[in-house]
Amino acid sequence: MALQGPIPVTFDMVFPHGCYIVGEVEPVKDFDASTNGRFVQTRDKQSAELVWQVSVMDADPTLKAAQKTVSVKILSPTQPVPPAPMAGLPFTPVEFDHMTATPYVNQAGRLAYSIKVREMRAPRPAGKATSAAKDAA
């Protein structure tokens, strides 16, 4: 099979209704390299970039509560900075660029996806195509 490893996807494919940050951007711990009292941050196996993660809430109104929050991993040499909060909103809207999805079977035996991105930013105004969307077209 020619399709192996992370699958390139667009933000609109993964979050067609948008998403909101509901947690802090945090480094991902490398459990194999870390020892008691010594934290080692995970590096991506393909790019060797440091891996950070942020929890986001999917704005899809059809999802059950347990399906709404997902962790997005960000590959970056420095800690990514979330977009500024928007006045009048309880959560900060966010979009991601250069996304991939890697399928895996979770502990419950169900198909799940690991989402990795290279960029986190504020949403673009409606009607503006993203560079990732243009690349996919």
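Contact here means heavy atoms within 4.5 Å. The structure is a predicted model, in which local features need pLDDT of at least 70 and side-chain atom pairs count only at pLDDT 80 or more, while totals for chains, interfaces and linings use all residues. Residues are numbered from 1 along each chain as its sequence is written, and side-chain values use heavy atoms, with hydrogens and water left out.

**View 1. The surroundings of Met-99.** Leaving aside its neighbours within four places in sequence, Met-99 is in contact with Ile-7, Pro-8, Val-9, Thr-10, Phe-11, Val-14 and Phe-15, and also with Ile-115, Lys-116 and Val-117.

**View 2. The largest nonpolar core.** A nonpolar core is a set of buried Ala, Val, Leu, Ile, Met, Phe, Trp, Tyr and Cys residues joined through side-chain atoms within 4.5 Å; buried means under 20% relative accessible area, exposed over 50%, and partly exposed in between, with a 1.4 Å probe and protein chains only. The largest such core has 19 residues, and those with the most contacts inside it are Val-54, Val-56, Val-72, Phe-96 and Met-99. At least two residues of this core come from each of strand 2 (19-21), strand 4 (51-58), strand 5 (69-75), strand 6 (92-97), strand 7 (99-105) and strand 8 (111-117), and strand 4 gives the most, with 3 residues.

View 3. Helices (H or I, at least four residues) and strands (E, at least two) are DSSP runs, numbered from the N terminus. The protein chain has 3 helices and 9 strands, which follow the pattern β-α-β-β-β-α-β-β-β-β-β-α along the sequence. Of its 137 residues, 33% count as buried.

**View 4. Two loop residues with positive phi.** Most residues other than glycine have a negative phi. Ala-48, in the loop between strand 3 (26-27) and strand 4, has a phi near 70°, a positive value in a residue other than glycine. His-98, in the loop between strand 6 and strand 7, likewise has a positive phi, near 55°. Ala-48 counts as partly exposed because its relative accessibility is 42%, and His-98 counts as partly exposed because its relative accessibility is 42%.

**View 5. Gln-107 in its loop.** Gln-107 is found in the loop between strand 7 and strand 8, and because its relative accessibility is 89%, Gln-107 counts as exposed.
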